[in-house]
Every structure is written in C-alpha cells, then in structure tokens.
Amino acid sequence: MSELSSQKIPVTVLTGYLGAGKTTLLNRILSENHGKKYAVIVNEFGEIGIDNDLIIGADEEVFEMNNGCVCCTVRGDLVRIMDGLMKRKGKFDAIIVETTGLADPAPVAQTFFVDEDVQKNARLDAVVTVADAKWLSDRLKDAPEAKNQIAFADVIVLNKTDLVSKPELAEVEARIRGINPYAKLHRTERCKVALADVLERGAFDLDRILEIEPEFLDAGDDHHHHDHDHHHHGHDHDHGHSHGGLKHYHDEDMQSLSLRSDKPLDPNLFMPWLQNLVATEGQKILRSKGILAFTDDDDRYVFQGVHMMLEGDHQRKWKEGEPRESRVVFIGRELPEKAIRDGFEACIVT
Amino acid sequence: MTQFDPGERPSIASLTDQVRRLAIGVTATAVHFLGDTAVFVGTEENAALVNQAGEISTVAIHGGGILCTTSDGKRVVTGGDDGKVVALNAKGETSVLATDAKRRWIDNVALHPDGAVAWSAAKTAFVRSGKSEEKTFDAPSTVGGLAFAPKGLRVAIAHYNGVTLWFPNMAAKPEFLEWAGSHLAVTFSPDNKFLVTAMHEPALHGWRLADNRHMRMSGYPGRVRSMSWSTGGKGLATSGADTVIIWPFTSKDGPMGKEPAMLAPLQARVSMVACHPKQDIMAAGYSDGTVLIIRLEDGAEILVRRNGSEAVSALAWNAKGTLLAFGTEDGDAGMLEF
C-alpha cells in the first residue's frame with residue numbers, strides 16, 4: 001500500500017482565515033529553491049506570480065453527494081481540475097490547493113476520500129492552516145470557518161508572532177490546543193517555516209500516521225486526561241485553566257476527545273461501533289484518527305476519518321517491546337462525550 | 001466495402017493477430033476518424049494522425065493539457081488548459097477557433113452538423129454559429145457537459161443540479177431540467193426525444209423531453225465515463241460496470257421501468273464503449289486493457305486486444321464501420337480493419 005500511495009501525487013491543502021498569511025506562505029513555498037515543481041490551485045488570483053509553476057483558478061463549488069447527507073460534500077470544481085491536471089502527470093511533483101479564507105476544509109479533504117478518479121491518482125498529504133497570532137482569538141469567537149480550519153489542521157503555522165506579546169502568544173496557542181491538540185504547531189514571522197515542516201507530511205497516509213506524529217500517542221498525557229473535567233459545561237463563555245503552566249482553554253463547542261486503552265480491543269465490537277458512531281454523529285465529528293491493538297492480531301490497525309468517511313488498514317506488526325496500546329481521537333463539535341467513552345470502553349477486552 | 005459480419009463466428013473468437021500495432025507516441029485521451037484517417041488525441045499537446053497505410057504524423061494542437069475533444073467526422077475540435085479551442089482536419093492542418101480572454105481552461109466542446117461549435121470555460125458556455133456569431137450563457141455552476149440537439153440550434157448545458165437547454169438564437173428563457181446532484185457528460189438521443197446525463201455519482205439521469213419525465217439509471221459500481229448510442233438510437237451503451245450496460249430506448253418510454261442489457265462481463269471495469277455506426281455490434285474497452293467486439297443481439301464476443309495493460313482510454317469506429325481504433329492509458333494503440 002505504501003508503494004502504491006507513494007506513486008500518487010501528494011496534495012497539500014493550504015487553509016487559513018482571510019489575511020492570516022496564506023499567500024505569503026505559498027509564495028515562500030514556490031520561490032524557495034527546492035528543485036520541485038508544484039501545480040497550485042488557487043481560489044483567487046492574488047499577488048502570486050511564479051514562473052514555471054502551473055497555477056490554476058478554481059471556483060468555490062461545493063456539492064452534496066446524492067445520499068442527502070450534509071457531511072458528505074465534495075468540491076466539484078476540484079474534481080474537474082484534478083482530472084485535468086492528471087493529463088499532465090509528470091509535469092509536476094505535488095499539488096497545493098489554496099482555499100479561500102472562508103472555506104470549510106472538509107469538502108476539500110473529502111474529495112480525496114470520495115472521488116474514485118481523484119483517489120486513483122492523488123493522495124491528501126496534509127491540511128496546513130495558517131493562523132494569525134494577533135487576530136485568531138477574535139476570529140475563533142466570531143468565525144466558525146476559522147474554528148473549522150484549526151480543527152482540521154495537521155500542521156498549524158502560527159504566523160505574525162512578532163506582533164504579539166509573550167502572554168498573548170501563549171494564550172492564542174492555548175486556544176488552538178483547546179480545539180486541536182494534535183496538529184504540529186510552528187510559530188513564525190512572515191510564514192518563515194522550513195518547507196519540510198509543511199510539505200510531504202503524510203498526515204493522511206495510514207502508513208505514516210505515527211512516524212510523523214510520534215506525539216500522537218503521548219500528547220494526551222499533557223492535556224488530554226483533563227478533558228472530561230471541562231467539556232459540557234453548558235455555558236458559553238471561554239475560560240482558562242492552568243495545568244503545569246499550560247493555560248488550557250476550552251472552546252464552547254469545538255473540542256477534542258481522546259480515548260486510550262492498554263488492553264486490546266475486540267475488532268468485532270470496535271469496528272461496528274466506530275462505523276455506527278461516524279454514521280450517526282458524522283456531522284459533529286470533523287476529524288478522527290486512531291491506532292488500534294486488536295485481540296489476536298499482530299498488526300497495528302490505523303484509521304483516519306473526515307466526518308462520515310473512514311479509511312482504515314493494517315499498518316505494520318507491533319514491534320517487540322512496543323506497548324500494545326490503542327488510542328483514538330476525535331475532533332468535533334458538541335461530541336457526545338459520555339456515549340463515546342462508554343462505547344469505546346465496551347469494546348475493550350478485559 | 002467490406003463489412004464486418006460476426007455471423008457464424010463462435011464466441012470468444014480472436015482477431016488479436018489482425019490488429020495493427022501503432023507507435024503513435026502519445027497517450028490517447030480519445031480517437032476520432034476523419035474519413036479513414038484515425039486522429040489520436042493525446043492527453044497533452046499533440047495529436048497523432050494515422051492514415052490507412054499506417055503512416056503516423058504528429059501535430060501540435062495545444063500548449064498544455066488537452067481537456068476535451070469531439071468530432072463531426074470532418075474535423076476534430078479540442079479544448080485545452082491553454083484556453084484555446086482548436087480545430088484539426090484530416091490533412092493535419094490546425095486552426096485556433098477561440099482563445100479564452102482570461103485563459104481559462106476549456107472544459108467541454110461540442111459540434112453541430114451545420115458547423116456551429118460550442119465550448120465552455122468554468123461557468124460560461126459559448127456558441128459560435130456557422131455564421132461566426134458568438135453567444136454566451138452563464139450557467140449557475142461550472143459546466144460539466146455540453147451537447148447540441150440533433151435538430152435545431154439548441155444546446156444542453158449540464159451543471160450542478162440539472163441541465164439547462166439553451167436556444168442561442170432565441171430570446172426565450174432557457175429551459176431548466178432539474179435533478180439534484182452534479183451532472184457531467186450529456187447526450188441527446190439521436191431521435192431528439194431523450195436527454196441523458198452521466199452524473200458525478202455512479203448513475204445516469206435522463207429526461208423524456210416531451211414531458212420532462214425523469215429516468216433514473218443507477219446501479220453502476222463506478223462513474224460512467226463513456227456513452228455511445230447504438231445504430232438507430234435503439235440503445236445507449238455505457239461504461240462504468242464490469243459488463244457493458246445498454247439501456248433500451250426503443251419504446252416511447254425509453255428505459256423507464258426496464259432492465260438494461262448487460263453484456264460481455266469481465267473481471268475488469270468497462271472504460272470505453274463505441275457502437276458500430278451501421279450494425280448492431282459494438283466495441284468495448286476495459287480497465288485491464290482488453291478490447292472486445294460484442295454482438296448486441298446475443299452478446300457474442302470477439303477478442304481484439306488481450307488484457308495486461310492500463311485501461312483503454314480511446315475507442316472509435318470510422319463512419320463506414322470498416323475500421324476500429326483504440327488507445328490505452330499507457331500509450332499503446334492499434335487499429336483493426338475489416
């Protein structure tokens with residue numbers, strides 16, 4: 001599977017609220033001397049004027065699949081452009097999709113899951129979200145799109161850090177972590193970030209999930225086991241808590257939920273439970289990820305999801321001495337935390 | 001004129017050793033015949049012309065990817081990601097019919113027997129009549145497919161949530177046929193009575209134009225990429241499944257309430273279909289590179305090309321039905337003469 005997926009053209013989705021610095025990052029990516037050629041799909045032709053790169057304009061056309069499910073949406077224009085670009089395979093190494101500042105990243109990501117032809121030729125590499133250190137906190141209050149973009153991110157480029165004080169920076173980081181503790185976060189000025197930190201991440205690659213996110217299994221210990229103390233307060237103001245110096249905000253509706261078990265899971269219980277969960281709560285669940293240890297199974301099982309869509313596979317053998325631990329994370333809105341925890345725990349073989 | 005007659009041949013006969021292999025030097029996205037010259041349209045930049053003697057010549061037609069192509073038997077018209085609409089004749093002469101002012105991709109092209117040409121870039125559809133008048137229509141969303149009606153100057157524009165029937169020469173409001181979902185390729189039945197779209201979902205949708213009654217044609221495992229009307233418009237052959245699916249259009253209700261014929265099952269997906277222009281036979285190309293000729297009456301098959309390569313991406317008969325040409329995604333091509 002890794003061999004096959006490596007032949008597919010990697011696609012980086014670049015998102016971020018208006019004015020955060022997407023175009024700056026894009027210019028940086030395109031103008032750096034990396035010896036690679038990118039096809040860039042942009043929603044608005046801005047100040048980008050790069051020779052030798054394919055730059056294509058796209059419409060913001062989102063459509064629902066005909067099953068009537070509002071969380072199964074696809075970008076029709078993206079499908080069209082991907083089809084066209086595939087005629088020129090070999091002319092570029094990777095694709096960057098720059099979405100408008102107001103875009104919901106879900107239909108973009110889902111296009112790579114749902115569309116058979118797109119999936120055959122391209123693989124989603126990562127969702128990179130540029131955030132404005134000075135204004136993000138305000139946007140999280142008034143712009144649901146900004147929140148979705150943070151929740152969806154595999155990599156967050158926290159830009160304009162030079163425009164804020166240290167406490168302000170700590171606060172905005174805490175707000176981001178309250179929504180999405182799993183994304184890699186890079187603090188930048190003028191989007192100065194190493195390209196290797198934003199491109200070729202393989203964040204949607206089931207084979208690489210843990211290699212690029214080694215903290216995936218550990219992150220929870222820093223701020224996850226507190227989760228159940230804070231969710232579902234039922235009142236809608238933000239508040240902070242200190243945990244060992246980490247100021248931890250909880251957004252009133254967007255949250256992350258992490259589950260773990262060092263005892264094996266019963267696949268015959270877990271898989272139907274997970275499928276049922278995303279089928280019924282998929283609108284609330286933006287992203288899901290998991291690494292699973294099943295009973296009588298020497299392989300690690302990994303899965304990845306966007307709303308209702310799930311993709312999973314056996315990844316590799318558990319290494320000797322490696323703790324056989326399962327961990328699942330959900331990022332979403334108004335997640336039914338207790339039901340999810342109870343459902344997960346019912347799959348643990350004791 | 002020698003005509004192919006599958007008559008008494010047993011099933012799974014093979015013509016593979018009679019296929020002329022062609023080193024066309026392009027990966028064909030389509031093939032059309034201009035007389036007895038096969039025009040293989042590449043995925044980018046070039047077309048390869050192959051005459052009946054098997055001589056190959058390459059012509060540059062676009063400065064980039066070739067996104068769409070059509071032919072009326074007299075010329076091949078293509079649209080590219082260079083924003084150009086280009087016409088090519090059997091002598092290999094090209095002419096630029098239009099250049100998009102904003103250099104947008106030309107996603108669809110269509111030809112009318114009287115010489116009119118239509119194309120689209122993003123949401124805008126253009127029609128240039130034989131008299132070189134140009135008209136435009138802005139669809140509510142990106143144009144997925146374009147087709148001229150067999151009669152009159154009427155254009156079907158497929159888009160999200162339906163099809164618009166546009167009369168470029170009339171002030172009348174375009175007619176809108178609504179059906180939820182994203183509509184891509186669109187085709188009129190040769191008798192002008194039905195309109196069928198291939199949707200983004202693995203399904204077709206159709207309308208009976210007399211009363212706009214809906215026809216839902218679903219059950220495909222994959223998206224329908226290729227459609228071809230059998231001779232006389234009796235059936236619509238389609239790709240998208242591991243058999244050729246042929247919907248019956250002989251009655252006034254079309255395929256409403258009827259089962260399609262399912263012919264030539266293989267362990268591969270049908271990728272291209274091309275019905276013979278005069279007889280009740282057709283050619284089908286598969287995702288594993290197989291090419292078969294199929295008799296519509298009973299599904300008898302003749303092997304033209306064996307499996308073992310990338311998908312068949314181009315397939316066409318000449319107008320007389322004496323030549324069959326095919327191309328595959330890995331650049332192989334061949335021609336069979338009857």
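**Exercise 1. How many residue pairs are in polar contact between chain A and chain B, and which elements of chain A give two or more residues to the side that touches chain B?**

Step 1. The model is predicted. Between chain A and chain B, twelve residue pairs are in polar contact, both residues at pLDDT 80 or more.

Step 2. Strand E4 (62–64), helix H3 (76–86) and helix H5 (116–121) of chain A each give two or more residues to the side touching chain B. H3(A) gives the largest share, seven residues.

Step 3. Sort that side of chain A by class: 13 charged, eight nonpolar and two polar residues.

Step 4. Turn to charge pairs. Ten salt bridges are found across the interface of chain A and chain B. One of them joins Arg88(A) to Glu44(B), with the closest N and O atoms 3.2 Å apart.

Step 5. In contact are 23 residues of chain A and 29 of chain B. The buried area is about 2000 Å², and carbon and sulfur atoms give 43% of it.

**Exercise 2. Why is strand E26 (residues 291–295) of chain B largely enclosed by the rest of the structure?**

Step 1. Check burial, with the cut-off under 20% relative accessible area. Five of the five residues of E26(B) are buried, so the strand is largely enclosed.

Step 2. Find the partners. E25(B) (residues 281–286) pairs antiparallel with E26(B) over five bridges, and Arg295(B) is the bridge partner of Ile281(B). E27(B) (residues 301–305) runs antiparallel to E26(B), joined by four bridges. There, Ile302(B) partners Ile293(B).

Step 3. Inspect the turns. Four residues lie between E25(B) and E26(B), and Gly289(B) in that hairpin has a positive phi near 95°. Five residues separate E26(B) from E27(B), where Gly299(B) in the turn has a positive phi of about 75°.

Technical notes. Residues numbered from 1 in each chain as written. Chains lettered and ligands numbered in written order. Predicted model: local features only at pLDDT ≥ 70, side-chain atom pairs only at ≥ 80, totals over all residues. Heavy atoms only, no water. Buried < 20%, exposed > 50% of the residue type's maximum accessible area, 1.4 Å probe, protein only. Pairing = 2+ DSSP bridges. Contact = heavy atoms within 4.5 Å. Buried area = accessible area lost by both parts, 1.4 Å probe. Salt bridge = Lys/Arg side-chain N within 4 Å of Asp/Glu carboxyl O. Polar contact = N/O pair within 3.5 Å; in protein donor to acceptor, adjacent residues only side chain to side chain. Nonpolar A, V, L, I, M, F, W, Y, C, P; charged D, E, K, R; others polar.
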